Amino acid sequence: WCDPAAAMFSMHKLNNITSLDKDAMTVTVEGGTLITQVNDWLHQHNLTLAALYPAYSDLTVAGVLGTGL
């Protein structure tokens, strides 16, 4: 069920990784970035997500945060 007054937003073009702060151990990404993209990018910098569940790999960062996964 979707409220008829609800707005739908497409995040598929908001998929950039914008910065990495190794000292603070943070990465800044846009909401439409896939979890797999983040982890693959971090791997290139000899880093990884603390916990990467395979079921989350095709979800966006915004999707994971928005649903509380």
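The structure is a predicted model in which local features require a pLDDT of at least 70, side-chain atom pairs count only at pLDDT 80 or more, and totals for chains, interfaces and linings use all residues. Residues are numbered from 1 along each chain as its sequence is written, and side-chain values use heavy atoms, with hydrogens and water left out. The pLDDT, which is the predictor's confidence in each residue on a scale from 0 to 100, averages 86 over the protein, and 94% of the residues score at least 70. Among the elements, confidence is lowest in helix H2 (residues 61–67), with a mean of 86, and highest in strand S1 (residues 17–21), at 96. Where pLDDT is low, the predicted coordinates should not be read in detail.

The secondary structure comprises 2 helices and 2 strands, where helices (H or I, at least four residues) and strands (E, at least two) are DSSP runs numbered from the N terminus. Read from the N terminus, these elements follow the order β-β-α-α. The C-alpha trace spans about 45 × 25 × 20 Å along its principal axes. The accessible surface, calculated by the Shrake-Rupley method with a 1.4 Å probe, with only the protein chains shown counting as cover for residues, comes to about 5300 Å², and 58% of this area belongs to carbon and sulfur atoms. Of the 69 residues, 13% count as buried, the classes being buried (under 20% relative accessible area), exposed (over 50%) and partly exposed (in between), with a 1.4 Å probe and protein chains only. With a contact defined as heavy atoms within 4.5 Å, 29% of the contacts between residues at least 6 apart in sequence join residues at least 24 apart.

The two strands pair in the antiparallel sense over 4 bridges, pairing being assigned if DSSP finds at least two bridges between two strands. Within this arrangement, Ser-19 has Thr-28 of S2 as its bridge partner, and Asp-21 is bridged to Thr-26 of S2. S1 and S2 form a hairpin with 4 residues between them. Met-25, located in the loop between S1 and S2, has a positive phi of about 55 degrees although it is not a glycine. With a relative accessible area of 60%, Met-25 is exposed. A second residue with positive phi is Asn-46, which lies just after H1 and has a value of about 60 degrees. Asn-46 is found in the loop between H1 and H2 and counts as exposed, at 72% relative accessibility. By way of background, most residues other than glycine have a negative phi.

The largest nonpolar core has 5 residues in all, namely Ile-35, Val-38, Leu-42, Val-61 and Val-64; such a core is a set of buried Ala, Val, Leu, Ile, Met, Phe, Trp, Tyr and Cys residues joined through side-chain atoms within 4.5 Å. The elements that give two or more residues to this core are H1 and H2, and H1 gives the most, with 3 residues. In soluble globular proteins, nonpolar side chains tend to be buried together. The buried residues of H1 are Ile-35, Val-38, Asn-39 and Leu-42. These residues lie on the same side of H1 because they cover an arc of only 95 degrees around the axis, the arc being that of the directions from the helix axis to the C-beta atoms. An α-helix has 3.6 residues a turn, so residues three or four places apart point the same way. The buried residues of H1 pack against S1, S2 and H2.

Leaving aside neighbours within four places in sequence, Thr-33 is in contact with Leu-14, Asn-15, Asn-16, Ile-17, Val-38, Leu-59, Thr-60 and Val-61. When residues up to four places away in sequence are not counted, Asn-16 touches Val-29, Glu-30 and Thr-33. The C-alpha atoms of Asn-16 and Val-27, which are 11 residues apart along the chain, are separated by 11 Å.
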